[in-house]
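User: I would like to learn how to read the contacts between chains in a model with several chains. Could you take me through them step by step?

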Amino acid sequence: MAGLTLRNVEKSYGPLTVMKDMNLDIHDGEFLVLVGPSGCGKSTLLRMIAGLEEISDGTLSIDGKVVNDLPASKRNLSMVFQSYALYPHMSVRKNLAFGLQNLSMPRAEIARRVDEAARILQIEPLLERKPRQLSGGQKQRVAIGRSIVREPGLFLFDEPLSNLDAELRVQMRVELAALYERLKTTMIYVTHDQVEAMTLATRIVVLRAGRIEQVGTPEELYTRPANLFVAGFIGSPRINMLAAQVEGSGAARRAVLADFRAFALPDLATTDSALTLCLRAEAIRLGGGEVQAEGRIKLVEYLGAERLVHIVLPSGQTLLFHAQGADSHRAGETVTLGFDLADLHYFDTAEQRVETVAGQGAQALTA
Amino acid sequence: MRKFFRRNTAGYVFLTPWLIGFFFLALGPILVSLYLSFTRYDMVSAPVWDGLGNYQYMFEYDRRFWKALEVTFTFVAFSVPLRLAAALGVAMLLDKGLRTIGLYRAIFYLPSLLGASIAIALLWREMFGLNGVINQVLSMVGITGKGWITDPDTSIYTIVVLAMWQFGSPMLIFLAGLRGIPRDLYEAAEIDGTSRFRQFRRITLPMLAPVIFFNLVLQTIEAFKTFTSAFIISNGTGAPADSLLFYTVYLFNEAFKFFRMGYASALAWVLLLIIAAFTALAFATSKYWVHYENERD
Amino acid sequence: MKTNVIEAAVIADPDARLAHEIKERQRVRDKRAKLLKHLFLIVLSFVMIYPLLWLVASSLKPENEIFGDLGLWPSRFEWSNYTEGWNALPVSFTVFYKNSAIVTVLSVIGNLLSCSFAAYAFARLKFNGRTFFFGLMMMTMMLPYHVVLIPQYVLFLNLGWVDTYLPLVVPRFLAADGFFIFLMVQFFRQIPRELDEAAMIDGCSPFKIYWAVILPLSLPAMGTAAIFSLIWVWEDFLAPLIYLNDVNSYTVPLALRMFIDQEGQSAFGQMFAMSVLSLVPVLIFFVAFQKLIIRGIATSGMK
Amino acid sequence: MKLTRRTLLGTMGAAAAASALPFKAMAASQSIRHFWWGNPTRDERTFKVIEMFQASHPDIAVQGETIGWGDYWTKMATQTAGGNMADVIQMAHTYIHEYVQRGGVVPLNDYIGNGIDLSHYDAGANDIGTMGGDLYGINIGATCPSIPYNKRVFEEAGVEFDPLAWTTDDFAAACEKITSSTGGAVTGSEDLSLYMETFEIFCRQSGADFYTADGKLTMPVEEVAAWWQMWKDLRDAGVVEGKDQTVQLDKGMADLGLIRGTTATTFRWANQTGALQGLMQDPLGVAIVPQRAGMQSGHFVLPSMFLCLSRDAGDVPAALAYIDNWVNDEETLKVLGIDRGIPPSQKGRDILAPQLNETDAMVVKYFGDTQSQILSTPNIGPKGSGEVRDSFMRTGTEVVLGNMSPQDAADQFIHDAEGILIRASR
């Protein structure tokens, strides 16, 4: 079991600095997901934690001990790679046992652990096969098996599901979640898929360009995105964004939108004259809402239990609306749509979240 | 400091045998040869300092030096691409399918095993001679041949053919490289209906690039240094009319026949610079066409 | 259900039958291509093997027939070229083979070990000066050997190594041949780096990674290197020529050079006979080791 | 066994260097090394001689070292550069001056009659081994120029000639006759225009020598031109081998038209006749290099091989004993035979007379019969004369290929040769 602390961690390749002043506390026993678009530094961060990548500056501690110069094998962790990285010349059994043999563990103990891992992951019949005789999902299980036999204090996952097809990915996601429930060991998981992040994480770290954009539970990220980037990145379907001009001053400030009628703004902790208003797809109301506009339905995506309705506003902007599966709207219809002010997220020109002063989170995260 | 050691220790430990060999066995002789290139040295008496004399003579007076360069460049220009093409072609033929491959592979390697022996020299002179096999075959299709190997205009190409014929070592390396290409890439391409030629261009060539690069660099170096075949076929003289005066043949004769080791050393260092320039060029361009799987820098 | 209907329709469709026929025709064409390929390989084989046939034929001819008549078939078979050739020199070929075997086996082991060490460092380990040393290594391959011959001889003479096998063997344990280093570097770099990293996390030291991951996955490259190394050492004559003085310590290629005297009595028939025999061990090794290259299939195909 | 142990130790690395040292210590005792170029027959004979010598001199160990001609000189140069020459070395007349003039071999004057007994040698037998008044190389086998010819072809073509007194005209006529009678399948002779050795006799017939005693070039340009012109005429007449064979230089015996059965004659040193005969089925005869009408004889005798004491000789008395045994001991002379050339003493020839085979006997007879034609011994060439020979072949090639006239080529060659000698003398 292990907790991690990163203090002012920096990473540079020669003159190129890709990460600066990274500070993060990872609690013992949590499932932390690092998420962000490609090139955001999430893999680099994971590899620095693993000891595969040198830390240029700052400190990394595991359980309060600085491990910057500790080789990977001494950090009591295990890692699952995107390409599985199974040793092609060893049988599955050998792949699982290899790391344990390096610890010169008694033979019987190795056998016990390998068998147990094989049982948990249901790969017992595959033990004598070579990796090339396995399907993608089977390889993935073996790769996970290889990391659990070591019984490490910390699991690292580097986009482990990205090489699997959609169905398997969902299945493996569930199994991973179950595994976490069973082990309750600290896990750090890198992905670019926010669905994986939302479903697996106890906490999510959203990264962009080597910087942390927000840290929080999935609910926090979804309900209170700290900035426009997180708002856009977290949540599916993507959040609706509306540009607004602020007119007037003081209590008389009004938001002027292209398609909706202007409305009075609540008391916001900003004086910017332009705002971005964000609205989840499920917050849009057809035929209702405090602020309304006319739109035409362009497309309806039927997903079974629900429908995703694309509505084009007069200005040409498209909004997404989350409807029930039984909803009867058809493409081509003209509808009235609206929203409640309470459902709006406000972001200033610096793309940071702006809280309503009356609201509970008065202290803006940007401070 | 500790970090420095941690970073470097493993690398230097693994490099130790080479470092010992380089510093204790190779570097000394290399530096001595560089020193000798500035001297007159007949190997019997002590070397005499001559400054840039050797280099000056080489570039200003030595007609045979330029001739040797011409011969060698011609050879490199023809033999390297032809030999690599032959090696790659045959390697690809042997890579897939046939059950008797092992036998073919051994047979195709045979000429390289025979190397440049006296037997090969005798045979080559025979085959490309006036009444040789080549002319007999040509006369069947109505072409009157000539003494290919004794005509100064064509003799170099018989050595090119010899080099091509001995394509065994690059072939073997290509084969080993082809073995490293995952089969499923081809299977996927097959399913997509990709033509053989496109498969070659889109899969084989890029996947094989590191090996092609290796063969290209090494074959170029070796071609510049070609010695034995030209030496034995011309009885060490570079005849006819210096048309087989390969650079190293000239160098060898200057050193061991005419007792001018100092001059020969100067010749060697000029050749080294030429080869180094070509190799550097190859390395410089390699980043545009050679990619290593999963390599991070 | 719906799909079944469609399938049935396709089979009944004349176009589908045509497609089937095309497929069938393609199979025939593939067969023909295979036949052509074989034919081509056989013709090529003959071209490749002709010199060996000539060599074998010459080795079976009486001395005074070898050059007068260049046909392949001897008028009578002179097996004595083999029996007498074996003992024609002051020292029997049994000794020469033993000497060659010692030098070759040690050299091959030395080459594979030391060069793979250096190659692993160059291909996989990060250290200051890597590019610089790699450049130096490449440079050692570019200087014509003949000009370092004498300084090297003087060096080994001062070490007291002349007339022993040390100058032939020790450099090979010190990765003297850049060719093999560069060859292995190119192959090592093809192995996915994540395997090293997985092994690192699995608690492997750099040496263990080299030994348990890199080497087993480089069998084709190591096999190739072993074959080249064996052949080149076995056939090398320049270094033995320079460093060995005692005829009792001569290697096979050196012994072959004792048959021919440009200025006097030569024994071409015996020389050819012994040349043919000298190819046998190399060929056996070649056939045995090329399996390593074939086995490469098993280790590739990571993804 | 000794070597095996050393080798195994060697694999353990640099520390093993010490294990090789005992060899050095051994070399310092009464032991010498003898290095020669050989072939299976010569090696067998020489090792027999070493064995016999060691039996009679148990205190001296002799290590015999041998390799073929081509590699011999590379190894010799390397050993010389390293200061590790064998004590007793074999030299050829084409190389001895290079080593003498650079100090690679030492004068033997002090030891003659004082360690080495040469009193039985023919007068003048050691002239070529003597440079600047000092004897450097002891003649261990004499030879002379010769034209070996295919007796069967000559007879079938009906050529009648006196092998000891034919002229260039006779030679041309014979070539014509042979070529026409075989319909061109066999030409009269190899084109010898690039053989500088043969040209030397031709040149000497005019009274001129290649070099003066102190190494100045004296070969007349007219003689060079005349030589190349003579062969050009023969070539144009189509009675000698074509240019294809001619432009290959320094051919080994296996490449000779005489051996291949495509020409009837060539040039070789007389002592090589036996080796030629071994590669052919037709019987060989030997003739002199054809005489030019109205000119003097250019024939001469020279040692085919020398024994020399090297600069690096450690145990001089042991080496002297070995050399003395070599040239005097009757059993030794018997074992050596005429493999290295004809013994340059009556004593030696008498000892061998009973054991000669047919070809050898013919060669010895030829050697004796031509003694009367010897007028003088050519001066040994200076440093660089080896390169002059190369230049001769190269420039001559241009004539053979028809790129230059004999006269232009001769001018060019003499000009180049002078340049070569100047460069070599630095």
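Analyst: What follows goes from the pairs of chains to one chain taken alone, and the model is a predicted one.

User: Which chains share the most contacts?

Analyst: The size of an interface is often given as the accessible area lost when the parts come together. Here the comparison rests on contacts instead, and of the 5 pairs of chains in contact, chains B and C share the most. That contact takes 74 residues from chain C and 74 residues from chain B, and on the side of chain C that touches chain B the largest share, 11 residues, comes from helix 14 (residues 268–299) of chain C. By class, this side of chain C divides into 52 nonpolar, 14 polar and 8 charged residues.

User: How many residues of chain A are in contact with chain C?

Analyst: There are 18 residues of chain A in contact with 18 residues of chain C. On the side of chain A that touches chain C, strand 6 (77–80) and helix 2 (92–102) of chain A each supply at least two residues, and the classes on that side are 11 nonpolar, 6 polar and 1 charged.

User: How many Å apart are the nearest C-alpha atoms of chain A and chain D?

Analyst: They are 29 Å apart, and the two chains do not touch.

User: What does chain B consist of, in helices and strands?

Analyst: Chain B has 13 helices and 2 strands, and its C-alpha trace spans about 80 × 70 × 30 Å along its principal axes. Of the 297 residues in chain B, 48% are buried, while residues 24 or more positions apart account for 69% of the contacts in chain B with a separation of 6 or more.

Definitions and conventions:
Residues numbered from 1 in each chain as written. Chains lettered and ligands numbered in written order. Predicted model: local features only at pLDDT ≥ 70, side-chain atom pairs only at ≥ 80, totals over all residues. Contact = placed C-beta atoms within 7 Å. Helix = DSSP H or I, 4+ residues; strand = E, 2+ residues; numbered from the N terminus. Nonpolar A, V, L, I, M, F, W, Y, C, P; charged D, E, K, R; others polar. Buried ≥ 20, exposed ≤ 12 C-beta atoms within 10 Å, placed from the backbone.
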